[in-house]
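Biologist: Let us walk through this model by question and answer. Keep it brisk, please.

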Amino acid sequence: MQRRLLLLLLTLVSLFLSGIALAQEKIVSKTALPRSTPEAEGVSSKGIQKFIATADKQVNSMHSFILVRHGKVVAEAYWAPEAADKPHVLWSLSKSFTSTAVGLAVADGKLSVDDHVLKFFPDLAPEDPSENLQAMRVRDLLTMNAGHQAELNWRETPHWAKAFLEHPVPHKPGTHFRYNTPATYMLSAIVQKVTGETVLDYLTPRLFTPLGIETPVWDKSPQEVSIGGYGLYLHTEDIAKFGQLYLQRGKWNGKQILPAEWVDQATSKQVPNGDNPDSDWNQGYGFQFWRCRHNAYRGDGKDGQFCIVMPELDAVVAITANSGDMQAELNVVWDQLLPALHAEALPADVKGLAELQATIAGLKATR
């Protein structure tokens, strides 16, 4: 009898442990990014705690933050009522995803960055297109050098692509940097033209599914085109995965899902955009990615949505917020978080980690 009870108890324990292992396996496969402690990956828990406390005080208002080091999430924080399972608007951070769709379409042989924009819209072209409009290439849309002086107010027009092509182009394309959300919409429209799918549908099997990004939502224009320049909603960890993919030069789980050559082009300085060494908006622009100080690059969006990639430090920072000062938000990253990253693993800091977790537990968004 005792032996039977013992065998039964051992069986129950075995089933219990197997259930835990299975649950953990499901969690890991769903999140895709493994977890680790900060010190194990060379990051100071105290330094992260200082960053979060400073950001909480100086950024009005933080919503979420994830730090990935050596491919592992070492810190994750949400300002209530924001949460890990709550999608967040990306605003112009969407642009970097549209650029990725263009890169994949180029790799598929669907188009070239040197194709002229009018090639894709012969039915929408003005009767007498200007020389500058005729000269405009996909590359110029990618680098915000389309040639416009003023940004088109497209939301008041019935057909967005047609209105873009009718908008004055006073500068020779490729010579005048002008941040231009409608230009990104045209990239989305071009991808849809050559693939027969919206950017959302085109990216789903090629990017979102491999990265474990579930149920992405992307708003559309009246012409049923993914807006491209904004309108994408993702979770904060999805942003971190996207940054990690770029950090790994397009490789994910051992498979090259985005050409490394595209990553290099998209994230390098393609055009100048200012000469202030203290501004993260003057370090150069790639293909819908901004260059940053500290030899980093980023995708970003209105109100403080960031995907910051730091190749030299093997780190990715994902942030969502509702901030009125995006440069101040970046300054906190450079001033407080960078010093917390070290080249080698650090000794375990039980007290520092506990203080970090306590700080995270009490976070609340102010707006």
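Biologist: Which residues line the second largest pocket?
Modeller: The model is predicted: local features need pLDDT of at least 70, side-chain atom pairs count only at pLDDT 80 or more, and totals for chains, interfaces and linings use all residues. Residues are numbered from 1 along each chain as its sequence is written, and side-chain values use heavy atoms, with hydrogens and water left out. On a 1 Å grid over the protein atoms alone, a pocket is an open set of points where a 1.4 Å probe fits, with protein on both sides within 12 Å along at least five of seven lines; lining residues have an atom within 4 Å of a point. For the second largest pocket, they are Arg 35, Ser 36, Thr 37, Pro 38, Val 73, Val 74, Ala 75, Glu 76, Leu 353, Leu 356, Gln 357 and Ile 360.

Biologist: How many residues of each class are in the lining of the second largest pocket?
Modeller: Ala, Val, Leu, Ile, Met, Phe, Trp, Tyr, Cys and Pro count as nonpolar; Asp, Glu, Lys and Arg as charged; the others, Gly among them, as polar. The lining of the second largest pocket has seven nonpolar, three polar and two charged residues.

Biologist: What volume does the second largest pocket have?
Modeller: Grid points are joined across faces, edges and corners, and the volume is the space filled by probe spheres set on the points. For the second largest pocket, this gives about 180 Å³.

Biologist: S2 also belongs to a sheet. Which strands stand at its edges?
Modeller: Two strands pair if DSSP finds at least two bridges between them. Six strands form an open, antiparallel sheet in the order S2-S1-S11-S10-S9-S8. An edge strand has a single partner, so one side is left without a neighbour in the sheet; the edge strands are S2 and S8 (290–291).

Biologist: Which residue in S9 is the bridge partner of Arg 291?
Modeller: S8 and strand S9 (residues 297–301) pair in the antiparallel sense over two bridges. In S9, the partner of Arg 291 is Tyr 297.

Biologist: Is Asp 300 buried or exposed?
Modeller: Asp 300 lies in strand S9. Buried means under 20% relative accessible area, exposed over 50%, partly exposed in between (1.4 Å probe, protein chains only). Asp 300 has 5% relative accessibility, so this residue counts as buried.

Biologist: How many aromatic pairs does the structure hold?
Modeller: Rings of Phe, Tyr and Trp (its six-membered ring) pair if their centres lie within 6.5 Å; planes under 30 degrees apart count as stacked, over 60 as edge-to-face and the rest as tilted. The number of pairs is 18.

Biologist: What kind of pair do Phe 51 and Phe 65 form?
Modeller: The centres of Phe 51 and Phe 65 are 4.8 Å apart, with 55 degrees between the planes. Phe 51 lies in helix H2 (residues 45–58) and Phe 65 in strand S1 (residues 62–69), so the pair ties together parts 14 residues apart in sequence. Phe 51 is buried at 1% relative accessibility, as is Phe 65 at 0%. The pair is tilted.

Biologist: And what kind do Phe 97 and Phe 242 form?
Modeller: Their centres are 3.8 Å apart, with 20 degrees between the planes. Phe 97 is in helix H3 (residues 94–107) and Phe 242 in helix H9 (residues 236–247), 145 residues apart. Both Phe 97 and Phe 242 are buried. Their pair is stacked.

Biologist: Over the ring of which residue does the charged end of Lys 302 sit?
Modeller: A charge sits over a ring if NZ of Lys or CZ of Arg is within 6 Å of the ring centre and within 35 degrees of the ring normal. Arg 298 sits this way over Trp 281, 4.4 Å from the ring centre. For Lys 302, at 4.2 Å, the ring is that of Trp 91.

Biologist: Is Met 144 buried or exposed?
Modeller: Met 144 lies in the loop between helix H5 (138–142) and helix H6 (160–166). Its phi is near 60 degrees, a positive value in a residue other than glycine. With a relative accessible area of 0%, Met 144 is buried.

Note on methods:
Helices (H or I, at least four residues) and strands (E, at least two) are DSSP runs, numbered from the N terminus.
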